[in-house]
Structure formats: structure tokens, C-alpha cells
Amino acid sequence: LASARAVKPALAALRSWVLPAALTALVGVLGLAVLLIAATGAVTALWQGRAGQLLIVEGLGLLLTVGVIAARRPGWAVAPLLLVVAAEGLRSHTNVAAPGWGAALTGVHLAAAAVWAGALLHTVRAGLAWRADRPAVRWVLARYARLALWVFLVVITTGTVSGLLLVPLTELFGTGYGRVLVVKLTLVAVATGLALTARLTPRRPR
């Protein structure tokens, strides 16, 4: 979006939502910490157990993110956010099923999903703010489409592999989690097929 405004400075600037998103995530981490303390009955679980230690890392990463955004250094937020993603990967069920690379798989999945959803939200905001300038809106949509395709494939691939790690193929239809995974994969396959059909179908001349 910055490059679009560089060409057309008259386009309205969009305020970043990274700060409120980081604050919301921090509230979520605090909620998980409270649940952990309630479950164990001891505040020391936050620094004596692995689950609590990872929550502390996530909280520190989010606090650093808030700090660099408040200091007007948004580019620096990438490092602490990656720290949060890595900690969440280590905290995931996938890492329990496959230690090490299960965490990496979950981390990549979460990072790709965050980029996909965040870019989509920002694109929608730009489309609404710049709706009077149709070439600018088309340019933003085209840029997002190119990014979304590859990020979407990463999300689907890592999500499917993670699901199969937790639920073997032999139990895919025998558990609630497995049936939900099958439904999600079916919906994704249908949506992808429709999108490809629409993309490949030649448009009628007007």
C-alpha cells in the first residue's frame, strides 16, 4: 500500500492495526496465564513449568511489539512477533506429537495464516478507503491475489500435515477432530476448485 501512495500521494493513509492486535493478543496470553495458575493452584507454574515459561516468552514478545510500535519503529516488530510464533509452536499439540519439527510446522502455519488474514483485512480496508479510485483498488487487489495464493497453499499444506500428525489416517473418520479435519479439507478443496474454475474460464466480451 505504501508503494501505491508513493505513486498517488492523494490516496488516504491507513492507520496500522498492529498495536491494537498486539494488545488484544497480550490480553489473551494473560488469560491463558490465569487459567494455568487456576489449574495448577500455584503462581510458580508460570516460571517452573514449560507451559508457563512459553507464555512468559509470548508475553514478552508482545510487550516488545507494543514498545517498538509506540516508539514508531514498526519494522522492528517482526522479530518479537516471530518470537511469539516460535513460542506458540513449541506450546502446540503438534510439537508434542512430533517434537522439534512439529513446532516448526506449527510456527510456519501460524505465520502464514497471520500474513494471509492480516493482508486480507488491510486490503479490504484499502478497498473501502480508496473506493473512489478504481485503478488503485484494482492494483491492491491484484497485489493481494499474488501474495494470497502462495500463502494460502502454505497454510493448507502445513495445516493438513499437522492434522494428520495428530490424527492418523486409520482414525480419520473415527474421531471428532478427524471428522472436522475432513470437513475443512473438503470445503477448502471445493473453494479452491471454484476459484480456479473462475480464473481459468474466459470472460465474455462486453
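Predicted model: local features only at pLDDT ≥ 70, side-chain atom pairs only at ≥ 80, totals over all residues.
Visitor: What makes the end-to-end span of H2 agree with its number of residues?

Guide: The expected span is 1.5 Å times one less than the number of residues. The 23 residues of H2 should therefore span 33 Å, and the end C-alpha atoms are 33 Å apart, which agrees. Helices are DSSP runs (H or I, at least four residues), numbered from the N terminus.

Visitor: Why are Ala22, Leu26, Val29, Ala33 and Leu36 called buried?

Guide: Buried means under 20% relative accessible area, with a 1.4 Å probe and protein chains only. These residues of H2 are buried; their cover includes helix H3 (45-48) and H4.

Visitor: How do you know which residues line the largest pocket?

Guide: A pocket is an open set of points on a 1 Å grid over the protein atoms alone, where a 1.4 Å probe fits, with protein on both sides within 12 Å along at least five of seven lines; lining residues have an atom within 4 Å of a point. The lining has 44 residues, of which Val18, Ala21, Leu81, Ala114 and Gly118 lie nearest the centre. Its largest share, 12 residues, comes from H7.

Technical notes:
Residues numbered from 1 in each chain as written. Heavy atoms only, no water. Helix = DSSP H or I, 4+ residues; strand = E, 2+ residues; numbered from the N terminus. Buried < 20%, exposed > 50% of the residue type's maximum accessible area, 1.4 Å probe, protein only. Contact = heavy atoms within 4.5 Å.
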